[in-house]
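This report is to be read beside the sequence and the three-dimensional structure. Please keep both in view while reading.

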Amino acid sequence: MSVSTTPNSAPAAHAVPDVSAQLRDIWGSSLSWFQAYWLQIIIAGVIAVTIVTALYALRRLGTKLCRPERGRADWLVVVGRVVSKTTNYFIIMVAIRAVDGYAQTPPTLDRFITFFFTLAAVIQGAIWAREFILGAIEHRTSAEHFQGEAIINAMGLIRLLVSVVVFAVAIVVLLDNLGVNVTGLVAGLGVGGIAIGLAAQGIFADLFAALAIIFDRPFSKGDQISFGTSSGVIEAIGLKSTRIRAYTGELRIIANKNLLDKEILNVSGRDHIRLPFTIGVAYETPPETLARVPDILKELVEAEGGKPARAGFESFGASSLDFSLLVDVPGRDWAIAHPLRDRLVVAIMKRFAAEGISIPYPTQTTFTAAPDGTIIMPYAEKAEACD
């Protein structure tokens, strides 16, 4: 007896997209589209060539604006850097998109072109935004007297941060334009950013303080500042800390956040130095002479090259009539103010001596009494004249 066996039926294979069929469909629809709209395609091609030529010329102009002799702080250089970063891929896709929009391409080919144009536009937009932000930072820090020393130290990290942020936003925008649900991705990025921020809170606080110094410019390298109970000259501004050379010679290193939390006096920003004097005049000075003291002081100050801010009576002192003299020395150089102060003191002493004005020093007389209560004079009594 023979036994016949029936082979088991093979499991149904999963349907695999036929790529070759899709390509043949795109080719057939494109051929039919060209035959139907050949005139529009030719016109659109001329427009595309014009667009490509104009974009390449604009990019060459941007490259010329980036000449080294202009300096990196010039706004034209910033614009030139942005324009010169236009990619060939973006230029070509702009031309293709112009043809696609004018010549009524088939839906299949239109979706294909739209995808690659969106990709080119988002990437190009991110590149332009990155270059403009970095150029604006360099322009801000290199202008005037800031000398750009902070940007030299910080540019590496700033470039990294700007690139990460800009291209992360570009990826989210691209996925959203392609129909992908980016809600979960954005939420994940937000949670991750919060976690990283909390873990490196101190580092980011000093980093953002360094950026605040770069943009707000409360001081720059070489400035003389006072903060809290300390003072000195700025030697370097870093991402984490600022180095200040104290007048006594030591190098103080203070975190940027701690420095900005204090009241900062920028001594280098002053336009004059004020020298205060308190001058005592003897009570025995005649009233008419006292009336001329303010004018005498003003005359002496002007003769030495200073500006009298105030010269007049201040108070009744314990041993003298006190006059206040405030002298403004133009500029901020103590090497000029200190010698002027010395010359002015000598001039006052000479003039007062010539005018017969006495500058008393504090004196004290002590009176004592004998056991019987008789006052004992602190000086020898005059001997009585002999008969």
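## Basis of the report

The structure is a predicted model, in which local features need pLDDT of at least 70 and side-chain atom pairs count only at pLDDT 80 or more, while totals for chains, interfaces and linings use all residues. Residues are numbered from 1 along each chain as its sequence is written, and side-chain values use heavy atoms, with hydrogens and water left out.

## Overall make-up

The protein has 11 helices and 10 strands; helices (H or I, at least four residues) and strands (E, at least two) are DSSP runs, numbered from the N terminus. Of its 387 residues, 31% count as buried. Buried here means under 20% relative accessible area, exposed means over 50%, and partly exposed lies in between (1.4 Å probe, protein chains only).

The accessible surface comes to about 24,600 Å², and carbon and sulfur atoms account for 63% of this area. These areas come from the Shrake-Rupley method with a 1.4 Å probe; for residues, only the protein chains shown count as cover. A contact means heavy atoms within 4.5 Å. Among contacts between residues at least 6 apart in sequence, 62% join residues at least 24 apart.

## Salt bridges

A salt bridge is a side-chain nitrogen of Lys or Arg within 4 Å of a carboxyl oxygen of Asp or Glu. By this rule the model holds 11 salt bridges. One of them pairs Arg130 with Glu131, with 3.1 Å between the closest N and O atoms. Arg130 is buried, at a relative accessible area of 19%, and Glu131 is buried as well, at 5%.

Another salt bridge joins Asp328 and Arg274, at 2.8 Å from N to O. Asp328 belongs to strand 8 (residues 321-330) and Arg274 to strand 6 (residues 272-281), so this pair ties together parts that are 54 residues apart in sequence. Asp328 is buried at 10% relative accessibility, whereas Arg274 is partly exposed at 41%.

Through salt bridges that share partners, Arg292, Glu299, Arg351 and Glu355 are joined into one network.

## An open antiparallel sheet

Strands of a sheet pair through backbone hydrogen bonds, either parallel or antiparallel. In this model, 5 strands form an open sheet in the order 4-3-2-1-5, with antiparallel pairing; two strands pair if DSSP finds at least two bridges between them. Strand 4 (251-255) and strand 5 (264-266) stand at the edges with a single partner strand each, so one side of each has no neighbour in the sheet. From one strand to the next, the twist averages 40 degrees. For such angles, axes are lines fitted to C-alpha atoms, for helices over the stretch in contact, and angles run from 0 to 180 degrees between N-to-C directions.

Strand 1 (residues 224-227) and strand 2 (residues 230-237) run antiparallel and are joined by 4 bridges. Gln224 has Val233 in strand 2 as its bridge partner.

## Leu119 in helix 5

Leu119 lies in helix 5 (residues 107-142) and is partly exposed at 23% relative accessibility. Leaving aside residues up to four places away in sequence, Leu119 touches Tyr89 and Leu174. The C-alpha atoms of Leu119 and Tyr89 are separated by 9.9 Å, the two residues being 30 apart along the chain.
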